[in-house]
Amino acid sequence: MSVTTSPLFIQTKSVFNGLCKEYFKKNINKIKTCKEFLEISKPEMFQILSNAVNNSPLKYNIKLEATYIIPNTDIKENRAFKTHARCLYKADDINYSLELDFLKIFQEKEEMEHKGSGFSLDSIDGIIMNVSLYKPLGGSSYIPLPEFIENKKATINVRNNDDECFKYSVLAKHVNSAHPERLTHYIGIQNMYDFSNLNFPTTLNDIKKFEKKNEVSVNVYSIKQGEPTYKNNVKKKISKKNFAESKFNKYIIYPLKVCDDELNDHHDLLLFDDGNGRQHYCCITNLTKLVGAQISRHGHTTLLCKRCFKSYWGISRWGVTAEQRLKNHKMNCNKNKPTVPLLPNPNTFLKFENWGHSQKHPF
């Protein structure tokens, strides 16, 4: 980099077939202040990021390199002030992101200079910018659901041929016609919500923007392979119907994003993939029906905590209704991150044997 003679940004590294690139701009013009150098470099940085983000979401970080010297001596040190990796999407304001990065660099520079090391700025050497393309968690075009999930009739999987499956999954709640999976039902209702600030495919971070702009709440769940276990798996006799289902029940539903408070306009979505990296959203019309088989075998209608899948039904021995017990449960559960507790397989035991290790040492 020291032999660079260009006053512009040049690409110095490219790895993983161009997924990660490094750009460097040398301070050829000997600009003395960090603020001036960053402001002069900003249009070039904007152009690099703008060209890259048009192809894919990306992460980038900036590193300002400088040389510090102790006055009246020959003692010099190289210092670097850098930012954290920042995610950037096509709909984001690049100028605003760069301003935040510059503030971070100025703050780090001031903190270093106020530590009383005796060093002062001698020269600004240049800027390094690392840009990495990445594929965040988000939906795409139509993917068929696993047969076991499809047969539950608790979802609407719109057959879209673009990357806007999140949009159709949200709108599916308002389609009351037969065959709601057909794309023709959604042509006239696409303006019910404001999707203008979203990227497609839509990531989980984008969903938060959508919720705020449209005053809605959205929960997102996903699927992973595995078999559910139950407290009463050994005690209860499995019926022929449940036994037949259990041969296909190789999937567990678990939460990815659960809002703290459900608004009047609420949506439950399922995000799943085809095993090859492509992901897809679909609408959940009945979450209890979708996850019922993995939380109990009794077959009764239950009230479900959407954060941890704790279920309640009937009236307890103390006369407390399922609604009240669920309400009391949510007061504590909402403090925790979404999770699905999985019990160990039947007839598995944990036994403690090394009792001697639990005794205090005699010294």
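User: Why is Lys213 called partly exposed?

Analyst: In this predicted model, Lys213 has a relative accessible area of 44%. Buried would require under 20% and exposed over 50%, so Lys213, at 44%, is classed as partly exposed.

User: What makes Lys213 and Asp194 a salt bridge?

Analyst: The closest N and O atoms of Asp194 and Lys213 are 3.3 Å apart, and because the cut-off is a side-chain nitrogen of Lys or Arg within 4 Å of a carboxyl oxygen of Asp or Glu, the pair counts as a salt bridge. Asp194 lies in the loop between α4 (165-171) and α5 (204-214), while Lys213 belongs to helix α5, so the pair ties together parts that are 19 residues apart in sequence. Asp194 is itself partly exposed, with a relative accessible area of 29%.

User: How do you know that Lys76 and Asp122 form a salt bridge, and which parts of the chain does the pair link?

Analyst: The N to O value for their side chains is 3.6 Å, and since the limit is 4 Å, the pair qualifies as a salt bridge. The pair links distant parts of the chain, with Lys76 in strand β4 (residues 76-82) and Asp122 in strand β6, 46 residues apart. Asp122 has a relative accessible area of 30%, and is therefore partly exposed. The structure holds 11 salt bridges, and one of them joins Glu77 with Arg79, whose closest N and O atoms are 2.6 Å apart.

User: Is Ile105 buried or exposed, and what makes it so?

Analyst: Ile105, which is found in helix α2 (residues 94-113), has 0% relative accessibility; because buried means under 20%, Ile105 counts as buried.

User: Which residues is Ile105 in contact with, leaving aside its neighbours within four places in sequence?

Analyst: With those neighbours set aside, Ile105 is in contact with Leu38, Ile62, Leu64, Phe81 and Thr83, where contact requires heavy atoms within 4.5 Å. Ile105 and Lys63 are 42 residues apart in sequence, yet 8.2 Å apart in space, C-alpha to C-alpha.

User: Where does the kink in helix α1 lie, and what do the buried residues of α1 pack against?

Analyst: The kink, of about 45°, lies at Lys42 in helix α1 (residues 34-53), shortly before the proline Pro43. Lys42 is among the buried residues of α1, which also include Leu38 and Met45, and the buried residues of this helix pack against β2 (20-26), β3 (58-69), β5 (86-88), α2 and β6 (120-133).

Methods: Residues numbered from 1 in each chain as written. Predicted model: local features only at pLDDT ≥ 70, side-chain atom pairs only at ≥ 80, totals over all residues. Heavy atoms only, no water. Helix = DSSP H or I, 4+ residues; strand = E, 2+ residues; numbered from the N terminus. Buried < 20%, exposed > 50% of the residue type's maximum accessible area, 1.4 Å probe, protein only. Bend = angle between axes of the 7 residues up to and from the residue.
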